[in-house]
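Please examine the sequence and the three-dimensional structure shown below. The paragraphs that follow lead through selected features.

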Amino acid sequence: MEEKLVTLAILTYVKAQILKNVLENEGIETYIHNVNQIQPVVSSGVRVRIKESDLPHALRITESSSWLSEEVVGGKTPKIEKNNNKVLIPVDFSGYSLKACEFGFNLAQNIDAEAVLLHVYFTPIYATSLPYGDIFNYQLSDEENVRNILQKVHADLKALSAKVKEKVISGEFPDIKYSCVLREGIPEEEILRYVKEYRPRIIVMGTRGKNQKDFDLIGSVTAEVI
């Protein structure tokens, strides 16, 4: 009977290849599979999978290795924000996002902090910048498609902001300072990048996203950030 494969991480193609090389150098068979998160034809990351029996060894390697360091992946050291009294609330416009906002706003009031609502969106332009971008059914010239995505993102963010304002006016949410931030990319990566740049006091996330099933204990993006 073939041994079960388990997912170790969901990463960009470049980072997945780095991790694959590190693990295989340690004698662990590693497989890379595409994972669809936004639309069936769009893969926003790849799943790094290994044999279940190798999981303890792999976890020890990833915890002790610098494979995800800025130097290894070719990134630059971010500028650290000194005024870091912020509560970061990643949102995907689901009911769970509103629950996270409620908790985050109350927490921000208690610690005299500012709330930051962060939404990460995915576009064909970002997709074609990835090494495996040729698998997508989109073209960089498809400006109308990108424009439609951005219009929907802004409309969703505006709707969420309106709900938040209503709850502030009604007294359900405390009246605190808050701002909204949009970023393009893979959600878990952009959340962590924001954290490195601005060093918020805490991250408040829902346990499930809008595409999660009721039987899922925790959302995939939340799990990856943890």
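Does E24 count as buried, partly exposed or exposed, and at what relative accessibility? E24 counts as partly exposed, at 36% relative accessibility; here buried means under 20% relative accessible area, exposed over 50%, and partly exposed in between, with a 1.4 Å probe and protein chains only. The model is predicted, so local features need pLDDT of at least 70 and side-chain atom pairs count only at pLDDT 80 or more, while totals for chains, interfaces and linings use all residues. Residues are numbered from 1 along each chain as its sequence is written, and side-chain values use heavy atoms, with hydrogens and water left out.

The protein contains eight helices and seven strands, these being DSSP runs numbered from the N terminus (helices H or I, at least four residues; strands E, at least two). Of its 226 residues, 40% are buried. The accessible surface comes to about 13100 Å², and carbon and sulfur atoms account for 50% of that area, as given by the Shrake-Rupley method with a 1.4 Å probe, for which only the protein chains shown count as cover for residues. Among contacts (heavy atoms within 4.5 Å) between residues at least 6 apart in sequence, 72% join residues at least 24 apart.

Strand β5, residues 114–121, is mostly covered, with eight of its eight residues buried. In a regular strand the side chains alternate between the two faces of the sheet. Accordingly, E114, V116, L118 and V120 point one way from β5, whereas A115, L117, H119 and Y121 point the other way. Strands are taken to pair if DSSP finds at least two bridges between them. Strand β4 (residues 86–90) runs parallel to β5 and is joined to it by five bridges, and V87 has A115 as its bridge partner in β5. From β4 the chain crosses through helix α4 (residues 95–110) to β5 in a right-handed β-α-β crossover; right-handed means that, with the strands pointing away from the viewer, the path from the first strand over the helix to the second runs clockwise. Strand β6 (residues 178–184) is also parallel to β5, with seven bridges joining the two, and R183 in β6 is the bridge partner of V120.

Helix α4 includes S97, which is buried at a relative accessible area of 3%. Leaving aside residues up to four places away in sequence, S97 touches V91 and D92.

The whole structure has zero disulfides, a disulfide being a pair of cysteine sulfur atoms within 2.5 Å. The sulfur of C101 has its closest cysteine sulfur in C180, 8.4 Å away, which is too far for a bond. C101 is buried, at 0% relative accessible area, whereas C180 counts as partly exposed at 34% relative accessibility.

Seven salt bridges are present, each a side-chain nitrogen of Lys or Arg within 4 Å of a carboxyl oxygen of Asp or Glu. E24 pairs with K20 at 2.8 Å, N to O; the two are four residues apart in helix α1 (residues 13–25) and so are separated by about one helical turn. E29 and K51 form another salt bridge, with their closest N and O atoms 3.0 Å apart. This pair links distant parts of the chain, 22 residues apart, with E29 in the loop between α1 and β2 and K51 in strand β3.

R183 returns in a salt bridge with E197 (2.5 Å, N to O). Because E197 lies in helix α7 (residues 187–198) and R183 in strand β6, the pair ties together parts that are 14 residues apart in sequence. Both residues are buried, and R183, E190, R193 and E197 are linked in a network of salt bridges.
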